[in-house]
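I opened this entry to note what I looked up, one topic at a time. The coordinates go in first.

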There are 2 protein chains.
Amino acid sequence: MSETQDDKSFVEDLTDQSDDFARWYNEVVRKAQLADYAPVRGCMVIRPYGFGLWENMQRLLDARIRATGHQNAYFPVLIPESLLKLEAEHVEGFAPQVAWVTHGGNDKLEERLAIRPTSEAIICRMYSRWIESYRDLPVLLNQWCNVMRWEKVTRLFLRTTEFLWQEGHTAHATAEDCQAEVLRMLDVYRSFAETDLALPVHAGRKSDAEKFAGAEMTYSIEALMRDGKALQAGTSHNLGQHFAKVFDITFQDEQGRRQHVHQTSWGVSTRLIGAVIMAHGDDQGLRLPPRVAPIQAVVVPIWRTPEDRATVRAFLERVKGALTERVRLHVDDREQYTPGWKYNEYELRGVPLRLEVGPKDVAKGTVMSVRRDNRAKESIPLESLAPRVTTLLDEVQAALLESARAFRAENTAFASTLEEIEAHFGERRGFVAAPWDGSPEFEAQVRERTGATMRCVPLDQAPYAGRFRAAHPVALFARAY
Amino acid sequence: MSETQDDKSFVEDLTDQSDDFARWYNEVVRKAQLADYAPVRGCMVIRPYGFGLWENMQRLLDARIRATGHQNAYFPVLIPESLLKLEAEHVEGFAPQVAWVTHGGNDKLEERLAIRPTSEAIICRMYSRWIESYRDLPVLLNQWCNVMRWEKVTRLFLRTTEFLWQEGHTAHATAEDCQAEVLRMLDVYRSFAETDLALPVHAGRKSDAEKFAGAEMTYSIEALMRDGKALQAGTSHNLGQHFAKVFDITFQDEQGRRQHVHQTSWGVSTRLIGAVIMAHGDDQGLRLPPRVAPIQAVVVPIWRTPEDRATVRAFLERVKGALTERVRLHVDDREQYTPGWKYNEYELRGVPLRLEVGPKDVAKGTVMSVRRDNRAKESIPLESLAPRVTTLLDEVQAALLESARAFRAENTAFASTLEEIEAHFGERRGFVAAPWDGSPEFEAQVRERTGATMRCVPLDQAPYAGRFRAAHPVALFARAY
């Protein structure tokens, strides 16, 4: 909002990615007004531009979650300590990160209440009340909410004490149905990341060391950032019957027998905003995928004389008329900034398409479009503006995905041994694909010697077929956020 | 979800409103599966049907909030005690109701953190950083979030420790702009309540005794429930410069002078769900306004023989084809329940339109529609099903508003003196309109003698013109939730 001298020079001041990626990230988040630090340790304020990005992500992912038969609900933010403690691994995993409420008004509470770090405990308690018969299954619920995990080191979007997310929680009659749901939602995340965020991901299984506290098996989607580090962008857990047993969630099957349900949970968070920033951004700032960009096209009028101003303004109305219903449009007719200043600003903010309208354009009845991703320019006649802009946005979306895929391919290496993995990470980053016998010892040695972790064992092993002599499935290793 | 014997008899068991309105309310909320009590004192679980209602309200109100130029953002759930204490009246009003976080993980915090009871304090701190110049104004932000107020007595939706709401927070250069915003948003609420919720409301000014902690002036919309009690359904506050002064929110005006901003805040909450239930419901259960009903029309197939079943099922596909894109449709083809059982269930759940499809209907190529609000039946040919259902839904929406308006008119009395007000509330409920000189003493006396409070001084005084000899504006008194 503020337009101080400091802000006016923000583009010139942006650190190059190659100089200091972490610094570039912090600067671009702040300067593009995506988020700001709050006066509470580790918490963030999501500003309208960043929140608009999140709202678009929400809308698109929510539609996918509904299309697979789920409904939204809302469970309380506070969880009694005794409930959280019921599942032993779960509490062990989360207790060190919990914010505790001890007082309500002036009274000390009899029992401490946790601000939810995740909602398995409270939801399982309700499921034990609601589920009676096989006819009640499957239960397919999702909630969008805030959660809190007390983090020692925080970074905007990537790791904050409070964050926003969706968490799906389902209950099933059989282990097969349950596992099918786990993989279905993993694929929903994969498809959402690739189609809507232009973010290519590996979908695969995590190791026991990396699985969710209380889960039988965790799956994730893993993306590659432009500094060569991986980022876990979503998880889907098979909780088996662990929670059902401690929370006593049973149903009567068709033969009248009492059985424990099989459960899943799955989530993605505002961390995805960090992923979009770091997978697509460049030295000029953000490059937002059109499908989620709060502003898909910005119109910058250009004039010097009052006559030009009147002509251009009149033409702008026709541009607006052609595009308003079709694309998320912003017309920046502020007079205190030059067109050049605005070009820099909207490049920093990653708006996919810039539309320039000057007196010469008006004379020709055209608009000059400039793509953010590759700076390609073209003059578009007003008559064909709406279809051409729609197509251009699709092209930008596709090009960002293609560019991220190419980057990932360039930054994926292959290794057959621990030594080769070590040699790779001595010099480079990116993914290393290597056959893995599944032993925790190997995984631990990689981590100790290289700082890289086992990101996942991809479900799709086809790309690695015949590449290695070892018969083990291929795992992907990378340093990670 | 559960289908126990207890649930099977739920409609027969519903308490009549006239026998015990509070009990009717609790039963209908639970039996219609809108919400459930959570294992945390005073907190609720909003179940999919209740949350679907909230999501529809959110979508419609959010569009109105955007259409008036506001953007959404997100601020942290935790507020440091020192920030909350800056504005004296504000902390005095909210401190007794605050849930306090004292520990993060295993560590005791240096300063206690409040779970937001409302977000003025944290937002004002950010505004003081962001606002520099008159060019930054107005700042027009809104957020949808959870808040927490430690309540002694709680009721689902009406008064819960945690609730969901939206809170708008704006900053303006002048007192005039600020007051215009306060009234603009009050009118957005009025229009939303009447158009989308079929809820007639009085929009007016609260007394000093009832204003928001820290505000200069509070306005509200006030609705009437079917037990004759009023319910405050939304508030819009003029905060003046109180917060700007203690949080140091200043801007440089066009003449280069530093000035404090003028602020507003305004909100509606999940309490509105309670209002919809209590303004429209009857002895059979909910009557949901079509514009926000999660299910607008339910199709109940009827058959006895396998041949009928096949014929009806085939016809159902055509019914679905005609309506799916036009209305929120649910087809209940569960075989373990009779059609009669389903009729009762969807009446309880307040679905505006029931569509019955039996062999005779199929033979005629028609569908039998039954309105929830007045039970009016009509046979609709399949060819005209989509437009007729759309029209019927509009008619139900209009009829609910009309019915609520008539009920309010019947339950509005007029009184010129304290004695007349007292006489009224000795025998009846509803609104009493009476001239009020604005004195706190009169207001306090009404409360002491009748239990009724001054709900608002309506902005629209035209309905009372010439009715009273006193020149004072008319105020509305009522017992209230």
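What follows are my notes on the interface, the symmetry, the sheets and a few local sites.

**Interface.** I kept in mind throughout that this is a predicted model. I began with the contact between the chains and found 53 residues of chain B in contact with 53 residues of chain A. I then asked which element gives the largest share of the side of chain B that touches chain A. That is strand β5 of chain B, residues 99-104, with 6 residues. By residue type, this side of chain B holds 32 nonpolar, 12 polar and 9 charged residues.

I followed β5 across to the other chain. Strand β5 of chain A, also residues 99-104, pairs with β5(B) in the antiparallel sense, over 5 bridges.

**Symmetry.** I superposed chain B on chain A and recorded a rotation of 180° with 0.0 Å of shift along its axis, at an RMSD of 0.0 Å. The two copies are therefore related as by a two-fold rotation axis. Which C-alpha of chain B is nearest the axis? I found it to be that of Val101(B), 2.1 Å from the axis. I also checked the contact residues of chain B, and 100% of them recur in chain A, so the same surface serves both copies.

**Sheet in chain B.** I traced an open sheet of 5 strands in chain B, with the order β16-β15-β17-β18-β19 and mixed pairing. At its edges I found β16 (329-331) and β19 (377-381) of chain B; each has a single partner strand, so one side of each is left without a neighbour in the sheet. From one strand to the next, the twist averages 25°.

Strand β15 of chain B (residues 297-301) and β16(B) run parallel and are joined by 3 bridges. There, Val331(B) in β16(B) has Val299(B) opposite. I also looked for a helix against this sheet: helix α12 of chain B (residues 339-348) lies across β15 and β17 (353-357) of chain B, and runs at about 170° to β15(B).

**Sheet in chain A.** I repeated the trace in chain A and read an open sheet of 5 strands in the order β16-β15-β17-β18-β19, with mixed pairing. Its edge strands are β16 (329-331) and β19 (377-381) of chain A, each pairing on one side only. Here I took another pair of strands: β17 (residues 353-357) and β18 (residues 366-371) of chain A are antiparallel, with 4 bridges between them. Ser369(A) in β18(A) is the bridge partner of Leu355(A).

I then went through helix α12 of chain A (residues 339-348) for burial. Its buried residues are Lys342(A), Asn344(A), Glu345(A), Tyr346(A), Glu347(A) and Leu348(A). Just after α12(A), I noted a positive phi of about 75° at Gly350(A).

**Helix pair.** I next took helix α4 (residues 48-67) and helix α8 (residues 175-197) of chain A. These two pack at an angle of about 145°, and their axes are 11 Å apart. The crossing of α4(A) past α8(A) is right-handed. On the α4(A) side I listed Leu60(A), Leu61(A), Arg64(A) and Ile65(A), which meet Val188(A), Phe192(A) and Asp196(A) in α8(A). The residues of this contact divide into 5 nonpolar, no polar and 2 charged.

**Strand β22.** Is β22 of chain A enclosed or open? I counted 5 of the 6 residues of this strand (residues 453-458) as buried, so β22(A) is largely enclosed by the rest of the structure. I then looked up its partners. Strand β9 of chain A (residues 202-205) pairs with β22(A) in the antiparallel sense over 2 bridges, with Val457(A) as the bridge partner of Arg205(A). Strand β23 of chain A (residues 474-478) also runs antiparallel to β22(A), joined by 3 bridges. Phe477(A) in β23(A) stands opposite Met454(A).

**Arg159(A).** Last, I located Arg159(A) in the loop between β7 (139-148) and β8 (162-172) of chain A. With 16 other C-beta atoms within 10 Å, Arg159(A) is partly exposed. Leaving out residues up to four places away in sequence, I found that Arg159(A) touches Glu151(A), Val153(A) and Thr154(A).

Conventions
Residues are numbered from 1 along each chain as its sequence is written. Chains are lettered from A and ligands numbered from 1 in the order in which they are written. This is a predicted model: local features need pLDDT of at least 70, side-chain atom pairs count only at pLDDT 80 or more; totals for chains, interfaces and linings use all residues. Two residues are in contact if their C-beta atoms, placed from the backbone, lie within 7 Å. Ala, Val, Leu, Ile, Met, Phe, Trp, Tyr, Cys and Pro count as nonpolar, Asp, Glu, Lys and Arg as charged, and the others, Gly among them, as polar. Two strands pair if DSSP finds at least two bridges between them. A residue is buried if 20 or more other C-beta atoms lie within 10 Å of its own, exposed if 12 or fewer, and partly exposed in between; C-beta atoms are placed from the backbone. Axes are lines fitted to C-alpha atoms, for helices over the stretch in contact, and angles run from 0 to 180 degrees between N-to-C directions. A crossing is left-handed if the near helix is turned anticlockwise from the far one by less than a right angle, and right-handed if clockwise. Copies are superposed by least squares on the C-alpha atoms of residues with pLDDT of at least 70 in both.
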